[in-house]
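Here is a short report to read alongside the sequence and the 3D view. Keep both open as you go.

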Amino acid sequence: MDVIEAVGLGKRYGRKWGLRDCTLSVPAGCVTGLVGPNGSGKTTLLSLAVGMIRPTAGTVRVAGETAGSLAARDLTAFVAQDAPLYQNLPVRDMLRVARNLNVRWDRERAVSRLDGLGIPLKQRVGALSGGQKAQLALTIALARRPELLVLDEPLAALDPLARADFMTSVREAVAADQISAVFSTHVVAELEQVADYLIVLGRGTVLLSGTTAELTAAHGGQSPEQVILSALRENAEHAQGQAQGVAR
Amino acid sequence: MTAAAIPSRRERAAARPVPWTRLTWVAWRQHRAALAGAAALLGAIGAYLAYTGWEIHRAYDAYTACVPASMRVQPLGGLVMGGPRACLPAARAFFSYYGSGQGSVLKSGLNAQTIPFLLLAVPVLLGAFVGGPVLARELESGTFRFAWTQGAGRVRQAAARLVPLAVVLTAAACGLSALFSWYIGSFVQAGVTGKYPMQLFGDMGTDFAAWTLFSFALTAFAGVLLRRTVPAMAASIVVLTALDVVTIMALRQHYAAPVVVTGDGPTGNTNLVLGNWFTTTSGVPVSQDTVLNAFARLPFGVTPSTAMLADHHWLQWWSYQPASRWWQFQLTEGGWLLAASLLLIAGTVLLIRRRPA
């Protein structure tokens, strides 16, 4: 069973394709890392999966529901890059806003989680540290009791310590709630410690996918990091070759 | 690592939309500061109108109690007052609320003559300041990526913000407009001014509320289009002011075909006079100069009477909108503004639905 299924998925912005002819499956019950350089279509793919934008071509289903539908929205929690939240609200009101925007809402869970993290409800969101803000966004996402947690570049704005804490939280939540998580990243280092499954995206297409163990086994025992880098390098050289071919 | 996590579609309870009341609470929480600001502005203006209006009504009561109705001469430019000498102070006191009593707008500052002009700016500003941030702030701060991906979809969220805010704002504008009508009522009753001049027409009836609603809808729409609050407000204020001026100068008098009469024409200042011209009795136009030269000895500013014109076989014609059409005009303008506002609100929701966020 796959939690995200994309078939021939494409998204065009004006004349430029942000994602083109993308067919992939994200397995359920895993923490999946979506890896690729900037501009490879990660954010576009995730935005399509959470229903923020509509595909130009193809389809994408989330937990069996059409992405963007009421049913899919109800099952998918999304933490966008930089965890955008209402800066001017106190944490308590931020929770109330989220509660009133969702049918499924587990207040107990949100409050106890924030308590455990030492984030006071009275504090203004804008006054929280980057790590706390990311944790608050994650708390709100988890309080929605989703089946799929989608995180766009959750690590980009965090310092190394906060990164480790954040991904530990995600892994714990995925295990405790028996849900699936997908996160995008352009940082290749230490991926095998946070992701069970990897999808490597290059220029809008899937270059590689598999569990970290599978990738290592298929490439003569190379570390996932090396496997990813060589795939991306090959893809970049191929693109360069094509561009030169056009130039000639 | 396996499929256990996902229940099949049949096992899940069907997803329900988030109730409107909850979404309205979110809209309230997000906009209560803007609404408080609007309430403070309207409250301050309202308090001024209520207090001054009460004073004016007292002065008007004293004036009408002293001067019998038959002796109340309609003041021309606020100057001529009839009645017994003993009533002069009461008459002066009343008319002084309408300018300095000398008809000087500049010297007198805030009075019943200048206030209506200032109030014309309120619908434009009020609508822009409340309507600007409604969706644009979400777009410019990036929080739309939070809001639009919650269980309640973006269309419902946008509607749950736009509609209640539009209703509240329109109702508040109706209230202030009613207060203004009461405030200026004594002067209308006393025959100091008709209700057709733009500064009264725009502040009374349904016009004030209709322009407020339109301003709100236009600014909200511009906000989604430009994705920035302040530029949206600025653009909206410019467009609205231009449209307001065009409406006042060129559109309003055409809401109905004017009444054309010959003879002495409409009396009093309650009608909207659009023009007057001369012809011979057989209908050939006669220039104004020709007519006025024939009566060169008349004192400046006095129009020749119908009887004098008849000696030359001339007729004077008038085209005007009678006072009785005032409400028809109000509802016509209110109607098209309401229709345009609803279209803009629908367009705003559609843009939110369609645009790649």
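## Chain B in outline

Chain B holds 14 helices and four strands. The model is a predicted one. Chain B has 357 residues, and 36% of them count as buried.

Look next at contacts in chain B with a separation of 6 or more. Residues 24 or more positions apart account for 75% of these.

## Where chain B touches chain A

How many residues does each chain bring to the contact? Chain B brings 30 residues, and chain A brings 34 residues. On the chain B side, two elements give two or more residues: α1 (20–66) and α7 (144–147) of chain B. The biggest giver there is α1(B), with five residues.

The chain B side of the contact can also be sorted by residue type. It has 17 nonpolar residues, eight polar and five charged.

## The sheet in chain A

Four strands of chain A build an open sheet. Their order is β2-β1-β4-β5, and the pairing is antiparallel. Which strands sit at the edges? They are β2 (16–27) and β5 (65–66) of chain A, and each pairs on one side only.

Now walk across the sheet. Strand β1 (residues 2–13) of chain A pairs with β2(A) over eight bridges, in the antiparallel sense. Here D2(A) faces P27(A) of β2(A). β1(A) also pairs with β4 (residues 57–62) of chain A, over five bridges. In this pair, A6(A) stands opposite V60(A) of β4(A).

## The hairpin of β4(A) and β5(A)

β4(A) and β5(A) form an antiparallel pair over two bridges. V62(A) stands opposite E65(A), which lies in β5(A). The hairpin of these strands has two residues between them. Find A63(A) in this hairpin: A63(A) takes a positive phi near 50°.

## The nonpolar core

The largest nonpolar core has 156 residues. Residues from chain A and chain B are named among those with the most contacts inside this core. From chain A they are A49(A), V62(A), A137(A) and V150(A). From chain B they are L169(B), L213(B) and A217(B).

What does V62(A) touch, leaving aside residues up to four places away in sequence? Its partners are V3(A), I4(A), A49(A), A67(A), A72(A), L75(A), T76(A) and L148(A). One of these, A49(A), is also on the list of residues with the most contacts inside the core.

## A closer look at L338(B)

L338(B) lies in helix α14 (residues 326–354) of chain B. Why does L338(B) count as partly exposed? L338(B) has 18 C-beta neighbours inside 10 Å. A buried residue needs 20 or more, and an exposed one has 12 or fewer. So L338(B), with 18, counts as partly exposed.

L338(B) touches A210(B) and L213(B), not counting residues up to four places away in sequence. L213(B) is one of the core residues named above. As for E138(B), that residue is 200 residues from L338(B) along the chain. Their C-alpha atoms are separated by 26 Å.

Key. Residues numbered from 1 in each chain as written. Chains lettered and ligands numbered in written order. Predicted model: local features only at pLDDT ≥ 70, side-chain atom pairs only at ≥ 80, totals over all residues. Contact = placed C-beta atoms within 7 Å. Nonpolar A, V, L, I, M, F, W, Y, C, P; charged D, E, K, R; others polar. Core = buried A, V, L, I, M, F, W, Y, C linked by C-beta atoms within 7 Å. Pairing = 2+ DSSP bridges.
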